[in-house]
Every structure is written in structure tokens, then in C-alpha cells.
Amino acid sequence: MSTTLGYDVFIAEPIPQNVTDLVPNGDRRMFSPLSVTLIHGVNDAVLVDPPLTVEQTAAVGDWIAASGRNLTHIIVTHGHGDHWFGAPTLAERFGATVVATVGTIEQMHRNVAMRGAFWDALFPGQIPASPVTAVTAPGDRIDLEGHELAIVDVGHTDTDDTSIVHVPDLGLVVAGDVLYNGVHQYLREAAGGGLDAWRNAIEVVAALRPRSAVSGHKNKTLDDDANRIIADTRRYLDTADELLTQEHDAHAFFWAMLQRFPDHLNPGALWSGALALYA
Ligand SMILES: [Zn+2]
């Protein structure tokens, strides 16, 4: 007889980037909120996507400790540093193993290589030491008190070699950046068929028929209803495709997307993508 599972989400609030130029709507350049998920049984727990900075990582560590569970594994869904630079610190604090797919581990190395030029430039002195200690799990599966957690490779979404964590016994997908929930999507790496690849990845998630989905970036006032989040993420990509053919520069694209998604958080993320797509 296996035990009952549950999950909780910690939201790391948006933090300012070390950038002086403003978003065209006047916003300061901010980083999107980060979702950190703890899947827990009676005694043990598995963390998905630790945060970015020393301060966020310490807060997540205290949150895990307060859960009273023994942390066995930390799963990283994709290589972007905002979803794992805190992993080595937490792995050491709790004696947990960091796990990712082969492709994600490659991307983690790539993000370490670009730390100085990108991540540390945006957040100087704020990011902990980030050696890549991740290993693959046999069959990309982890056992949590008799329940299977499957790491499913879904390819390119908002970056290359991304994955999601499927927890069949909870009807849950922890989606990393494959799904977004009320936050502007990161289109900076979308050129050259990226949006089609991303849509294919969403199909893989939809075929799992999850009830709940935790997005790597979510508006904390929204729920985890998988059907709504899947539809919203698709609609954002479809709208971007439509407007990319209609709008002739980054500013026009930015304002047209803002009009279609007035309630999404962090227009700065949209602006960053617009600049790259019209470069
Ligand atoms: Zn992200």
C-alpha cells in the first residue's frame, strides 16, 4: 500500500535586473516570478526547479525544512539558470541528488559557461556557486514512496532540451517553462521554428491529460488548472506567430502583444523576446 502524495508551490517574487534601460511601457526591467515545487509523501519529498539567487535559495531551503520532509532528489527541468543555480546549495544542505535529462545537463553546462556575460551581469554578486552536479536517473524515473515521478523530454520550448515532471498519481505535470501561467513567455530563443517546436511539446503534455500543471513562471493569484494553462500557453504562441507577420518592428510587436495580453505579468520579458525576434 503506497502513501498519499501532495504538492506545494513556493513563488519567488520578481527581482530587478541590473539593467538601466526601461521597458517601452516605462516598467523597470524585472525577472519573472519563479515557481518552485515540492512533491511530498509522508516522510520524503522531491523538489523541482530550485531558484536563482542566494537569498531565494535560502528561503526555499527554510521552506523545505519547515515541511518536515526528507529531501531525496532535486529535479531540474531545463538549463536556464533561474531554474537551478540554487540546486548545488540545496543538495548539500539536505543531502539530496540533483537529477536531469542528458540534454538538460548539457544545457546546464552551457548556462554555466555564459554565467559571467549573462546571469552575473543581470544579478551581480547574487548568484551562488553553481557547479553542475546533476546526474541522470535510471529511465528518467524517480520513486517517491512507491509513486513514480517521470521526467519527460519534450525538446525545444523556451530553450533547447527541456523536460517536464509527470506525477500520474497526482494528475500533475510540473511543467518548467513548457507552460506559462499568466506571465509573458520568453521568446528570445524562438527564431527558426522555435514556436512550432514549442507547440509540439505542449501536445506531449496535453496527451498526458493532467488535471493540474505548475508553470515555471506563474501569477500566484491564478490556479493550476491544466486545461486552461495549456490553452493559454498555446494562444500566446499562436498570437505571437500572427503578430510577427503583421508587425514590422519590435515596438509595434510589443504593443500589439500587450494589447492582446493586458493582464500578463512582466512585459519586460516580452520586450526582451521582441528585441531578439526583430534583431
Ligand atoms: Zn524560466
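A pocket here is an open set of points on a 1 Å grid over the protein atoms alone where a 1.4 Å probe fits, with protein on both sides within 12 Å along at least five of seven lines, and its lining residues have an atom within 4 Å of a point. This is a predicted model, in which local features need pLDDT of at least 70 and side-chain atom pairs count only at pLDDT 80 or more, while totals for chains, interfaces and linings use all residues. Residues are numbered from 1 along each chain as its sequence is written, and side-chain values use heavy atoms, with hydrogens and water left out.

The largest pocket has a volume of about 450 Å³, and among the 30 residues that line it, Gln17, Phe31, Phe118, Tyr186 and Ser272 lie nearest its centre. α4 contributes five residues, the most of any element, to this lining.

Asp82 lies in the loop between β4 (70–75) and α2 (87–94) and Asp177 in the loop between β9 (172–174) and α5 (194–207), so the pair ties together parts 95 residues apart in sequence. Both Asp82 and Asp177 are buried, that is, under 20% relative accessible area (1.4 Å probe, protein chains only).

In α2, the buried residues are Ala87, Pro88, Leu90, Ala91 and Phe94. Seen down the axis of α2, these fall within an arc of 165 degrees, so they line one face of the helix.

Note on methods: Helix = DSSP H or I, 4+ residues; strand = E, 2+ residues; numbered from the N terminus. Buried < 20%, exposed > 50% of the residue type's maximum accessible area, 1.4 Å probe, protein only. Arc of directions from axis to C-beta. Points joined across faces, edges and corners; volume = space filled by probe spheres on them.
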